Amino acid sequence: MALHPIIAEDVDSILAAPLPWDRLDGRTILVTGAAGFLGSYLTETLLRRNERAGNGASRVVGLVRDGRRAAQRFSHHRHRADLRWLVQDAAEPPPGDLHADVIVHAASQASPRYYGLDPVGTMRPNVVGTDHLLRFAARCRAERFLFVSTSEVYGNVPPDRNPIREDEPGAVDPAAVRSCYAESKRAGETLCVAYRRQMGVPTVIVRPFHTYGPGLAPGDGRVFADFVECVVAGRDIVLTSDGRALRAFCYVSDAIRGILTALFQGGDGEPYNVGNEQSESSIRALAELLVGLFPDRRLKVVRQPVDEKSGYIPSAVARNCPDTSKLRALGWSPTIGLAEGFRRTVRSAE
């Protein structure tokens with residue numbers, strides 16, 4: 001399966017960023033969750049960069065849970081010598097014969113659909129897996145370890161503290177089942193800081209805010225992914241809440257550029273928000289935007305209660321918007337707005 005033209009355009013735009021790409025020359029890069037949404041974009045970017053690097057190409061090791069899914073997703077790369085698949089649970093330690101110079105830990109169950117159905121499986125890659133990988137990084141004397149955290153570490157921040165800065169301590173209830181994701185990411189971040197302090201592992205942390213784009217899995221469970229799936233299928237968009245919650249949505253190519261900016265230029269042990277505060281919208285307004293982008297489909301927005309048997313646990317967060325000034329100070333800024341981003345997302349799925 002060839003790479004979709006929209007994704008190819010996105011990857012080219014990422015590689016156009018003025019970053020020190022030559023630091024990857026000759027390195028082995030381990031990406032966990034390499035067949036996931038963010039992980040697959042990172043992997044595609046690294047492989048496209050290799051095609052331009054010649055003798056300086058890096059080696060990419062993609063850790064995935066489902067080897068068959070990865071082979072299908074990356075079938076256009078099946079004969080590459082610079083790509084190796086490592087099929088295992090991200091909560092298990094890497095094999096003893098593996099070496100990596102750069103580690104990007106992006107493996108996680110990020111969908112609210114799993115928080116009620118598999119809270120243990122949601123937590124383990126973020127805590128146990130992160131510990132294994134940090135030990136591995138120390139053993140390899142890795143040059144960089146990047147932990148892909150989440151905006152959910154902030155919990156329900158009051159409106160007067162939005163947009164949210166990285167020094168916001170957040171408020172998460174550890175006794176709530178839905179906190180399996182946020183609390184495990186918080187623990188993963190603290191592990192990164194601890195390993196840097198005690199073992200000298202050069203870590204950096206990114207906190208993505210509501211990233212969307214081509215490659216969102218059908219049935220993902222996140223509200224914006226469900227909206228896209230409805231538009232692609234020609235179904236009315238279903239709201240399971242009043243839609244007043246505010247979220248800042250970031251298109252995937254902007255997010256990947258932000259993640260790579262932190263990887264290359266972020267301070268050791270520092271967290272960075274990755275999001276687009278200029279694309280903040282209520283959930284209801286986003287649904288109306290998507291309907292309006294494709295008027296010929298004659299779709300509408302309807303209200304329906306959530307199915308309690310689905311495992312989906314709604315968020316109680318009223319507003320979640322980042323202050324990205326810390327990442328912007330490194331030279332990054334988002335470029336894709338809501339309308340363009342969601343139009344590209346829908347078109348890529350058709």
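Helices (H or I, at least four residues) and strands (E, at least two) are taken here as DSSP runs, numbered from the N terminus. I am reading a predicted model.

**Entry: backbone at Arg298**

I looked up Arg298 and placed it in the loop between α9 (283-293) and β13 (301-303). Its phi is near 55 degrees, which is positive, and the residue is not a glycine. I noted that most residues other than glycine have a negative phi. Is Arg298 buried or exposed? I find a relative accessible area of 75% for Arg298, and because the cut-off for exposed is over 50%, Arg298 counts as exposed.

**Entry: backbone at Arg141**

I then went to Arg141, in the loop between α5 (119-140) and β5. Arg141 is not a glycine, yet I read a positive phi of about 55 degrees for it. Its relative accessibility is 74%, so I list Arg141 as exposed.

Which residues does the cis peptide bond join? I traced this bond to Asn162 and Pro163, with omega at about -5 degrees. Most peptide bonds are trans. I located Pro163 in the loop that runs between β5 (144-148) and α6 (179-199).

**Entry: α1 against α8**

I checked how helix α1 (residues 5-15) lies relative to helix α8 (residues 252-265). Their axes come within 9 Å, and I get a crossing angle of roughly 30 degrees. Angles under 35 degrees count as roughly parallel, so I record α1 and α8 as roughly parallel to each other. I also note that the crossing of α1 past α8 is right-handed.

**Entry: second largest pocket**

I looked up the second largest pocket, which holds about 730 Å³ of space. It is lined by 27 residues, and I list Arg73, Gly215, Leu216, Ala217 and Pro218 as the closest to its centre. Which elements give two or more residues to this lining? I find α2 (37-53), α3 (67-73), α7 (223-233) and α11 (338-348). The largest share comes from α7, with 4 residues. I sorted the lining of this pocket by class and got 15 nonpolar, 9 polar and 3 charged residues.

**Entry: recap**

For the peptide bonds I keep the cis link between Asn162 and Pro163. For the pocket I keep the α7 share of 4 residues.

Terms used. Residues are numbered from 1 along each chain as its sequence is written. This is a predicted model: local features need pLDDT of at least 70, side-chain atom pairs count only at pLDDT 80 or more; totals for chains, interfaces and linings use all residues. Side-chain values use heavy atoms; hydrogens and water are left out. On a 1 Å grid over the protein atoms alone, a cavity is a set of points where a 1.4 Å probe fits but cannot get out, and a pocket is an open set with protein on both sides within 12 Å along at least five of seven lines; lining residues have an atom within 4 Å of a point. Grid points are joined across faces, edges and corners, and a volume is the space filled by probe spheres set on the points. Ala, Val, Leu, Ile, Met, Phe, Trp, Tyr, Cys and Pro count as nonpolar, Asp, Glu, Lys and Arg as charged, and the others, Gly among them, as polar. Buried means under 20% relative accessible area, exposed over 50%, partly exposed in between (1.4 Å probe, protein chains only). Axes are lines fitted to C-alpha atoms, for helices over the stretch in contact, and angles run from 0 to 180 degrees between N-to-C directions. Angles under 35 degrees count as roughly parallel, over 145 as roughly antiparallel, 65 to 115 as roughly perpendicular and the rest as oblique. A crossing is left-handed if the near helix is turned anticlockwise from the far one by less than a right angle, and right-handed if clockwise.
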